[in-house]
Amino acid sequence: MCDNLQTLAALTAHEQAALREVDRINHAYAQTALKPFMPALLLGKKVGKRLSEVLNLIAKQTYLHRENLSKPRKPKPKPHKHMAQKPC
């Protein structure tokens, strides 16, 4: 449930700040910023103005998303597979 609230907050912050499509919200920062608000949000308490300030902070923590920049790691041998082949 907390992950869903964090995703909704990140989407809302992205829309309110009118960020470009290539600007992505840092979801780890959004989770950290929302942590103190989670109990109040889950209990339905009003956090209006403070939540708006947090959404502004979340919107400032972005990174530039660039397509096709994947750098796969080299495969490494699995040590547990080699041990299974040795007799006891």
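Reply: Gladly! Let's start with a term we'll need: two residues are in contact when they have heavy atoms within 4.5 Å. Keep in mind that this is a predicted model.

Me: Thanks! What covers the buried residues of helix 4?

Reply: The buried residues of helix 4 are Val54, Leu55, Ile58 and Ala59. Seen down the helix axis, these residues fall within an arc of 140 degrees, so they line one face of helix 4. On the other side, Lys49, Arg50 and Lys60 are exposed. The cover over the buried residues includes helix 1, strand 1, helix 2 (27-34) and strand 2 (62-64).

Me: How far apart are the end C-alpha atoms of helix 4?

Reply: Helix 4 takes in residues 48-60, which makes 13 residues. At 1.5 Å a residue it should span 18 Å, and the model agrees with that, because the end C-alpha atoms are 19 Å apart.

Me: Let's turn to helix 1. Which elements do its buried residues pack against?

Reply: Buried here are Gln6, Ala9, Ala10, Ala13 and His14. They cover an arc of only 135 degrees around the axis, which puts them on the same side of helix 1. An α-helix has 3.6 residues a turn, so residues three or four places apart point the same way. The buried residues of helix 1 pack against strand 1, helix 2 and helix 4.

Me: Is Asp23 buried or exposed?

Reply: Asp23 lies in strand 1. Leaving aside residues up to four places away in sequence, Asp23 touches His14, Thr62, Tyr63 and Leu64. The cut-off for burial is under 20% relative accessible area. Asp23 has 12% relative accessibility, so Asp23 counts as buried.

Me: Which element gives the most to the lining of the largest pocket?

Reply: The largest pocket has a volume of about 160 Å³. Its lining includes Thr7, His14, Asp23 and Tyr63. Two elements give two or more residues to that lining, helix 1 (2-16) and strand 1 (23-25). With five residues, the one that gives the most is helix 1.

Me: How many of the residues lining the largest pocket are charged?

Reply: Among the lining residues are Glu15, Asp23 and Arg24. By class, the lining has four nonpolar and three polar residues, and the number of charged ones is three.

Definitions and conventions
Residues are numbered from 1 along each chain as its sequence is written. This is a predicted model: local features need pLDDT of at least 70, side-chain atom pairs count only at pLDDT 80 or more; totals for chains, interfaces and linings use all residues. Side-chain values use heavy atoms; hydrogens and water are left out. On a 1 Å grid over the protein atoms alone, a cavity is a set of points where a 1.4 Å probe fits but cannot get out, and a pocket is an open set with protein on both sides within 12 Å along at least five of seven lines; lining residues have an atom within 4 Å of a point. Grid points are joined across faces, edges and corners, and a volume is the space filled by probe spheres set on the points. Helices (H or I, at least four residues) and strands (E, at least two) are DSSP runs, numbered from the N terminus. Ala, Val, Leu, Ile, Met, Phe, Trp, Tyr, Cys and Pro count as nonpolar, Asp, Glu, Lys and Arg as charged, and the others, Gly among them, as polar. The expected span of a helix is 1.5 Å times one less than its number of residues. Buried means under 20% relative accessible area, exposed over 50%, partly exposed in between (1.4 Å probe, protein chains only). The arc is that of the directions from the helix axis to the C-beta atoms.
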